[in-house]
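This report is for a reader who is new to the structure. Please look over the sequence and the model before reading on.

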Amino acid sequence: MSETRKSKFPRESFVSMTELVLPNDTNTFNNLMGGRLMHWMDIVSAIAAQKHSNRHVVTASVDNISFKHPIRLGNVVTLRARVTRAFQSSMEVRIDVDAEDIPAAHKFESNAAYFTFVALDKDGKPTDVPAVVTETPEEAEYYEGALRRRQLRLILAGRMKPSEAAELRSIFDIKES
């Protein structure tokens with residue numbers, strides 16, 4: 001295991017990406033295909049994780065992605081990603097997606113999701129990542145919630161027993177048996 005590393009430029013792990021929805025990106029209803037959006041979300045979040053860890057990263061999990069509003073042909077899509085918390089070798093990344101119909105001057109929130117990435121060393125083995133330092137109340141809120149989201153992901157993946165999820169138990173005021 002490598003020693004704990006400090007991120008040189010933690011603020012650079014905030015990444016924004018803009019895409020124009022073209023005909024090849026749409027379904028038969030002229031809406032952005034969900035798979036295309038997920039592809040863009042994976043790219044922007046991987047860049048954020050890579051910048052935070054200064055390592056190559058691989059996608060470990062994707063949380064629920066709900067589609068609030070359809071994104072139409074010709075809309076401009078802005079994806080913003082940031083590392084919300086780092087664990088030993090993994091990082092949780094939040095992605096917020098907005099879309100804009102520029103001629104109509106209409107901008108709207110479309111999606112949000114959390115992706116998890118694992119940093120790899122030169123031999124392709126998981127390696128330590130720097131801690132996340134929060135600077136705003138919003139960042140602190142995402143950071144605090146990350147442990148609960150991680151425990152839920154681990155339970156759903158069968159890698160943790162619900163009885164071991166102390167953070168989740170505290171939410172529901174579940175007493176140990």
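What covers the buried residues of α1?

## Helix α1

The model is a predicted one. In it, the cover over the buried residues of α1 includes the strands β1 (15-20), β2, β3, β4 (90-101) and β5. The buried residues themselves are Leu 37, Trp 40, Met 41, Val 44, Ser 45, Ala 46, Ala 48, Ala 49, His 52 and Ser 53.

Helix α1 runs over residues 34-53, 20 residues in all. From its first C-alpha to its last it reaches 28 Å, close to the 28 Å expected at 1.5 Å a residue. Asn 54 follows α1 and has a positive phi, near 60°.

## Arg 82 in strand β3

Strand β3 spans residues 76-86 and contains Arg 82. Arg 82 has a relative accessible area of 14%, and because buried means under 20%, Arg 82 counts as buried.

## The largest pocket

The largest pocket holds about 330 Å³ of space. It is lined by 15 residues, and Ala 60, Ser 90, Thr 116, Leu 154 and Arg 159 are the closest to its centre.

At least two lining residues come from each of β2 (56-62), β5 (106-120) and α2 (137-156). By type, the lining has six nonpolar, five polar and four charged residues.

Terms used: Residues numbered from 1 in each chain as written. Predicted model: local features only at pLDDT ≥ 70, side-chain atom pairs only at ≥ 80, totals over all residues. Heavy atoms only, no water. Helix = DSSP H or I, 4+ residues; strand = E, 2+ residues; numbered from the N terminus. Buried < 20%, exposed > 50% of the residue type's maximum accessible area, 1.4 Å probe, protein only. 1 Å grid on protein atoms, 1.4 Å probe; cavity = no way out; pocket = protein on both sides within 12 Å on 5 of 7 lines; lining within 4 Å. Points joined across faces, edges and corners; volume = space filled by probe spheres on them. Nonpolar A, V, L, I, M, F, W, Y, C, P; charged D, E, K, R; others polar. Expected span 1.5 Å × (residues − 1). Contact = heavy atoms within 4.5 Å.
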